[in-house]
Amino acid sequence: MTRTASSVGIVTARIAHFDVPLHLSSGAVLPQYQLVYETYGVLAEGKDNAVLVCHALSGSHHVAGQYAGDPRAVGWWENMVGPGKPVDTDRFFVIGVNNLGGCHGSTGPSSVNPVTGQPYGSGFPFLTVEDWVESQARLADHLGISTFAAVMGGSLGAMQALQWTIRFPERVRHALIIAAAPCLSAQNIGFNEVARQAITSDPHFHGGDFYAQGVVPERGLRLARMLGHITYLSDDAMMTKFGRELLGGTPRFSLEVEFEIESYLRHQGKKFSERFDANTYLIMTKALDYFDP
């Protein structure tokens, strides 16, 4: 009988605190930090069935399942992770972790700097894929996992999986590197820079210290996300999905939303600006740019 795939159900995020300083590629040091993570499935007695899922730029530790009281908060890889699914939680112990510098609970620009008592803001150090992998290895040590059955991810997450095979080949039995290149092209870096300029030129950015002002550089974040979405789809894919369709069927000769692609991009930009931190976006796109094994 074929087993029916299902959800991991209600999940709860956990926090791991680290007091051993983390020396970063930039030369900066994080004296202490925390990582937020979730787990699904059961860790085998031999601790040899663990799978680490690394998230892409806009992702988080919430890979699968739902949060109690919010059934709409479904994990971003719900179709992949769970009982009977490709990453079968009846077989594997799956870990999702929010990267350092993130805005979903791990120490990042919006976190309080213990030295100043204020959000790090512009003072948060730049990070690299190598730094993330080092911090993830510490989380694995914290959980008593010496070897992963697999490390996997897409896009920026795939770069982390690749770095795991370079930095800790003895700790990874398999790596699933999805939709990624070993390094960005000059054009990719250029697109990222335009997105960053959209954010830093927003009058509400305040040099990265907008938290104290009680504002968010929402306009810049919207533009950055809209640009990002254009780069995520090929010209052929966009024509297939949206074409040149007008929402009302006929042109209105205005600057309001008329084409389906305009509506899609504005919707994605607005949704992103409501849940993501501007400084995190800057740091993570720079990490994409820097990675070159």
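**A note on the sheet and its helix**

1. Let's begin at one end: β1 pairs with strand β4, which covers residues 33-40, in the antiparallel sense, and five bridges hold the pairing. Within this pair, Ile 15 stands opposite Val 36 of β4. Please keep in mind as you look around that this is a predicted model.

2. Stepping back to the whole sheet, six strands make it up, in the order β1-β4-β8-β5-β9-β10. The sheet is open and its pairing is mixed. Its edge strands are β1 (14-18) and β10 (175-178), each of which pairs on one side only. On average, neighbouring strands are turned by 25° against each other, direction ignored.

3. Next, have a look at helix α2, residues 156-167, which packs on this sheet. The helix touches β5 (50-54), β9 (150-154) and β10. Its direction makes about 150° with that of β9.

4. β9 has a parallel partner in β5, and four bridges join the two. Here Val 53 is found opposite Met 152 of β9.

5. β9 also runs parallel to β10, again with four bridges between them.

Notes: Residues numbered from 1 in each chain as written. Predicted model: local features only at pLDDT ≥ 70, side-chain atom pairs only at ≥ 80, totals over all residues. Heavy atoms only, no water. Pairing = 2+ DSSP bridges. Axes fitted to C-alpha atoms, helices over the stretch in contact; angles between N-to-C directions. Contact = heavy atoms within 4.5 Å.
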